[in-house]
Amino acid sequence: MNSETTLQKGPILMRLLMFTVMMSSMSALMFNVVLPQISEEFHLTLAQVSWLSSAYTLIYAFGTVTYGKLADRFQLKSLLTFGLTLFAAGSLMGLVSQTFWFALLGRCLQSAGAAAIPAIALIIPVRYFSPEKRGSALSMSAVGIALGSALAPVISATIVSFANWRWLFLPSLLILLLLPLYRKYLEHEVKQAPRKFDWLGGSLLAASIALLLLGVTNRTWWYLVIGLVSLILFIVRIRTAEEPFIQPQLFRNKKYSIATTLAFLISGIGVSLYFLTPILFSEVYHLGSNWIGFAMVPAAAASALLGRKGGKLADLKGNSYLFSVASGSLITCFVLLSIFTGISPLWISFFLIFGNVGQSFMQIAMSNSISRSLPNDQVGVGMGLFSMVSFIAQGIAAGIYGIVATQGPSVHWNPLNVDSNSYLFSNFYLVLAAMHVGILFFYHLQFRTKKISVAIEH
């Protein structure tokens with residue numbers, strides 16, 4: 001798909017995707033601030049109502065690779081129509097729900113539909129843009145995520161200040177307005193004859209994802225054991241099935257496998273900016289929920305404003321250059337946080353700008369690197385798997401951060417930090433900075449010739 005008409009439709013589709021990704025990002029985050037309120041209304045524990053977020057993440061993670069797999073067999077417009085309709089149906093169910101379980105079902109349907117968005121947001125730039133312009137296209141999705149992250153706490157706090165929490169489902173219905181435009185601009189694609197779908201392989205992958213995430217977040221070791229067994233069975237299945245859920249040769253692609261492994265680590269580190277920061281503001285600075293939300297807005301807003309710049313840097317100077325800029329920004333953020341945690345929260349809010357912008361640039365660099373390592377017939381499932389791995393990493397990392405945060409610091413590793421109340425967070429950020437130094441070194445070791453190899457791969 002590289003005709004002139006196709007290339008003209010690409011920018012229009014990416015503008016639509018930016019808004020779609022923004023709405024999806026908002027939907028994923030808006031409910032975090034109202035979990036205590038929902039717990040009180042239905043007389044449930046916080047652990048029980050947290051399933052509104054946990055179930056969303058579990059389904060979202062598996063759904064991204066499933067839609068990516070289906071995108072290699074079905075029309076993108078058909079998959080997006082199904083996904084956005086399901087997302088809207090779940091939103092409507094949540095809006096009219098009178099019981100917790102009906103609201104949870106609405107969230108599950110929302111997630112099953114929204115999972116189409118990250119997969120397709122990575123596939124459209126690959127299919128509608130030439131490699132030298134793909135960075136700018138991918139950056140629009142990153143801008144959408146940043147805008148959603150910035151707006152979610154503000155819109156959530158505004159809505160619940162005068163209306164019931166159920167009205168948080170309402171903004172998601174706006175996404176249906178985009179469906180006619182998607183159907184107009186997405187082109188009809190020539191597909192191969194439909195192949196048999198490996199339901200057993202897909203089920204084993206879904207079971208392993210769910211059990212591993214639940215095992216880490218709930219500290220239930222037998223979940224982890226069964227999850228690992230399911231993962232082993234999945235590996236055996238894709239090596240023996242005639243039409244496996246994921247082709248094993250995808251993992252024999254060295255550049256793809258290395259980049260996906262790095263993406264796992266990068267996503268796990270990056271979620272600390274959104275998971276640890278609210279805990280830091282609450283426990284060290286004793287800020288309320290509303291102030292925590294506003295304290296995180298400048299970093300998300302900066303990420304949204306500079307997101308397109310990251311894509312242009314990737315196109316002009318290459319992925320390695322953008323990766324280095326992103327790593328430098330993230331390392332700067334974590335080092336400053338490690339040293340100065342405990343001073344004014346205004347400074348912490350400023351330091352987070354380096355982290356959020358760096359993470360946004362990093363996502364663009366990794367998406368671009370991975371997309372260029374894939375043959376055309378594996379783009380859908382390959383990019384879907386990349387998205388899934390990122391979500392799994394975020395879920396596992398959040399569980400680990402939560403477990404360690406409850407232990408308290410036993411040692412103090414950074415002598416430059418002098419605030420005893422923030423030693424735990426100082427240690428956290430110091431380790432994350434060191435990990436990014438290692439990732440930067442390894443990336444350049446593996447991808448230093450990437451700019452030259454692009455022409456060979458395409």
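Val411 sits in the loop between helix H18 (379–405) and H19. Its relative accessibility is 39%, so Val411 counts as partly exposed; the cut-offs are under 20% for buried and over 50% for exposed, with partly exposed in between (1.4 Å probe, protein chains only).

The model is a predicted one, in which local features need pLDDT of at least 70, side-chain atom pairs count only at pLDDT 80 or more, and totals for chains, interfaces and linings use all residues. Residues are numbered from 1 along each chain as its sequence is written, and side-chain values use heavy atoms, with hydrogens and water left out.

Two salt bridges turn up in the structure, a salt bridge being a side-chain nitrogen of Lys or Arg within 4 Å of a carboxyl oxygen of Asp or Glu. One of them joins the side chains of Arg166 and Glu41, at 2.7 Å from N to O. Arg166 belongs to the loop between H8 and helix H9 (179–185), while Glu41 is in helix H2, so this pair ties together parts 125 residues apart in sequence. Arg166 is buried, at 10% relative accessible area, whereas Glu41 is partly exposed at 32%.

The side chains of Asp198 and Arg237 also meet in a salt bridge, at 2.9 Å from N to O. Here Asp198 comes from the loop between H9 and helix H10 (199–218) and Arg237 from helix H11 (residues 221–240), so the parts tied together are 39 residues apart in sequence. Asp198 is buried with a relative accessible area of 4%, and Arg237 is partly exposed with 27%.

As for cysteines, a search of the whole structure comes back with zero disulfides, where a disulfide is a pair of cysteine sulfur atoms within 2.5 Å. Cys333 is buried, its relative accessible area being 0%, while Cys108 counts as partly exposed at 21%.

Two helices were checked for length, the expected span being 1.5 Å times one less than the number of residues. Helix H8 (residues 134–162) has 29 residues and runs 43 Å from its first C-alpha to its last, close to the expected 42 Å. H8 also bends by about 35° at Leu151, with a proline, Pro153, following within four residues; the bend is the angle between axes fitted to the seven residues ending at a position and the seven starting there. Helix H7 (residues 116–128) has 13 residues that should span 18 Å, and its end C-alpha atoms are 17 Å apart, which agrees. H7 is mostly covered, with 13 of its 13 residues buried.

Lys312, in helix H15 (residues 289–317), is partly exposed at 45% relative accessibility. Gln378 is in the loop between helix H17 (345–372) and H18, and at 11% relative accessibility it counts as buried. Gln378 and Ala71 are 307 residues apart in sequence, yet 9.8 Å apart in space, C-alpha to C-alpha. Ile353 lies in helix H17 and is partly exposed, with a relative accessible area of 23%. The C-alpha atoms of Ile353 and Gly395 are separated by 23 Å, and these residues are 42 apart along the chain.

Finally, there is a backbone detail at His43. Phi of His43 is near 55°, a positive value in a residue other than glycine. His43 is found in the loop between helix H2 (35–42) and helix H3 (46–49), and at 72% relative accessibility His43 counts as exposed.

Technical notes: Helix = DSSP H or I, 4+ residues; strand = E, 2+ residues; numbered from the N terminus.
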